[in-house]
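User: I'm new to this one and would like a quick tour. Could you walk me through it?

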Amino acid sequence: MTDTHAQEFWYNSRTGEVEVGKQSLASELVGPFSSEAEAKRAPEKLQERAKAWAEEEAEEDR
């Protein structure tokens, strides 16, 4: 039996490190991502999404 989660990459928001598989508390993890490079971009992606959501909300309020 193989561990399907072993090849998932997670960004740890507390440490700023990328983890292979779930190694930390779920509340500290963002993901899963399919590659280490994608996981390293997690903070940037979160900012992009937050900005897009804020813009959508502002548009709805008009």
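Predicted model: local features only at pLDDT ≥ 70, side-chain atom pairs only at ≥ 80, totals over all residues.

User: In what order do the three strands of the open sheet stand?

Analyst: Strand 1 pairs with strand 2 (residues 18-20) in the antiparallel sense over three bridges. Strand 1 also pairs with strand 3 (residues 29-33), again antiparallel and over three bridges. That makes an open sheet with the order 2-1-3.

User: Which strands stand at the edges?

Analyst: The sheet order is 2-1-3. Two of the strands have just a single partner strand each, so one side of each is left without a neighbour in the sheet. Those edge strands are strand 2 and strand 3.

User: Which residue in strand 2 is the bridge partner of Phe9?

Analyst: Strand 1 (residues 9-12) holds Phe9, and strand 1 pairs with strand 2 in the antiparallel sense. In strand 2, the partner across the bridge from Phe9 is Val20.

User: Are Trp10 and Asn12 of strand 1 buried or exposed?

Analyst: In a regular strand, side chains alternate between the two faces of the sheet. Here Phe9 and Tyr11 sit on one side, with Trp10 and Asn12 on the other. Both faces are covered, and Trp10 and Asn12 are buried.

User: Which five residues make up the largest nonpolar core?

Analyst: Leaving aside neighbours within four places in sequence, Ala39 is in contact with residues including Phe9, Tyr11 and Phe33. The core also takes in Ala42. Its five residues are Phe9, Tyr11, Phe33, Ala39 and Ala42.

Methods
Residues numbered from 1 in each chain as written. Heavy atoms only, no water. Buried < 20%, exposed > 50% of the residue type's maximum accessible area, 1.4 Å probe, protein only. Helix = DSSP H or I, 4+ residues; strand = E, 2+ residues; numbered from the N terminus. Pairing = 2+ DSSP bridges. Core = buried A, V, L, I, M, F, W, Y, C linked by side-chain atoms within 4.5 Å. Contact = heavy atoms within 4.5 Å.
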